[in-house]
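Morning, everyone. Please look at the model on the screen while I talk.

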Amino acid sequence: IETPDAHVWKLPVSELKTRLAYANRQLLFRHLNGNIFGSPISGDISLRFPTSKDFELDIKAQGNNLDLAEWHNIASGLSSVTGKIDSISMDIKGPIGKWRGDVDLFAAKLIYDKKYTINDTKGKIALHGEAPMDVLFLGKLYGGTYEAGGIFHSTGDAFHLPLSISRLNLE
């Protein structure tokens, strides 16, 4: 299957190519390649249709060069961060809103609150179904290092995430 432009769950998708198959109550999108917000993505997606509950979605995918500004309307918690995610990979599965699995990312340079430069960020997000997710971000900030991690609690458009900073240089 090939499509030049489409919208999937509010996401603009372009140049999408995939192999489609159906077997054992699963719709399989194999060798998927395309762009989301103009950034390249690839991977495999499976829609499972169990007999006793809503469908489940398995995603094993990679992407790179994701512009965070494009995602602000999708993930409002990111609205104070700009820059690009240089690489991201995910292996998640389960019903939508109850996903389990991991998301790993790297960003060489991000800007927080339009004034704080954050470099060499590595991040890991662990999804636990309906439970809050565990997050860990490590990187460089003003000549020092930072670590933001813990259990991610979201309350509307705000979130709480513990932060520690070492060897901060404000000169």
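N24 lies in the loop between strand 2 and strand 3. A strand here is a DSSP run of E with at least two residues, a helix is a run of H or I with at least four, and both are numbered from the N terminus. N24 is exposed, because its relative accessibility is 72%. The cut-offs are these: buried is under 20% relative accessible area, exposed is over 50%, and partly exposed is in between, with a 1.4 Å probe and protein chains only. N24 is not a glycine, yet its phi is positive, about 50 degrees. The turn that holds N24 belongs to a hairpin of strand 2 and strand 3, with two residues between them.

A word on what you are seeing. This is a predicted model, numbered from 1 along each chain as its sequence is written. Local features need pLDDT of at least 70, side-chain atom pairs count only at pLDDT 80 or more, totals for chains, interfaces and linings use all residues, and side-chain values use heavy atoms, with hydrogens and water left out.

Now the overall picture. How many helices and strands are there in the protein? Zero helices and 12 strands. Buried residues make up 29% of the 171 residues. The accessible surface comes to about 10,900 Å², and 55% of that belongs to carbon and sulfur atoms. Those areas come from the Shrake-Rupley method with a 1.4 Å probe, and for residues only the protein chains shown count as cover.

Next, pairing. Two strands pair if DSSP finds at least two bridges between them. Strand 1, residues 2-8, runs antiparallel to strand 2, and six bridges join them. H7 stands opposite P12 in strand 2. Strand 1 and strand 2 also form a hairpin with two residues between the strands, and W9 there takes a positive phi near 50 degrees. Strand 2 pairs with strand 3 over eight bridges, again in the antiparallel sense. The bridge partner of S14 in strand 3 is N35.

Stay with strand 2, residues 11-23, where we find T18. Is T18 buried or exposed? T18 is buried, because its relative accessible area is 9%. Its side chain reaches the backbone oxygen of R30 at 3.0 Å. That is a polar contact: a pair of N or O atoms within 3.5 Å; within protein, one must be able to donate a hydrogen and the other to accept it, and residues adjacent in sequence count only if both atoms are side-chain atoms. Leaving out residues up to four places away in sequence, T18 touches I1, F29, R30, H31 and L32. Contact means heavy atoms within 4.5 Å.

On to F37, in the loop between strand 3 (26-36) and strand 4 (39-48). F37 counts as partly exposed because its relative accessibility is 22%. Beyond its neighbours within four places in sequence, F37 is in contact with L11, P12, E70, W71 and I74. The C-alpha atoms of F37 and S14 are separated by 8.0 Å, although the two are 23 residues apart along the chain.

F55 sits in the loop between strand 4 and strand 5 (56-67). F55 belongs to a nonpolar surface patch with V8, W9, Y22, F49 and I96, and together they have about 600 Å² of accessible area. Patch residues have over 30% relative accessible area and no salt bridge; like charges are joined within 9 Å, nonpolar side chains (Val, Leu, Ile, Met, Phe, Trp, Tyr) within 5 Å. F55 itself is at 31%, so it counts as partly exposed.

Last, charges. A salt bridge is a side-chain nitrogen of Lys or Arg within 4 Å of a carboxyl oxygen of Asp or Glu. By this rule the count is seven. Which side chain does K124 meet at 4.0 Å, N to O? That is D102. K124 is in strand 8 and D102 in strand 7, 22 residues apart. K124 also meets D104, at 3.1 Å, N to O. This pair again links distant parts of the chain, 20 residues apart. K140 and D120 form another salt bridge, at 3.3 Å, N to O. K140 is in strand 9 (residues 131-141), and D120 is in strand 8. Finally, R48, E56 and D58 are linked in a network of salt bridges.
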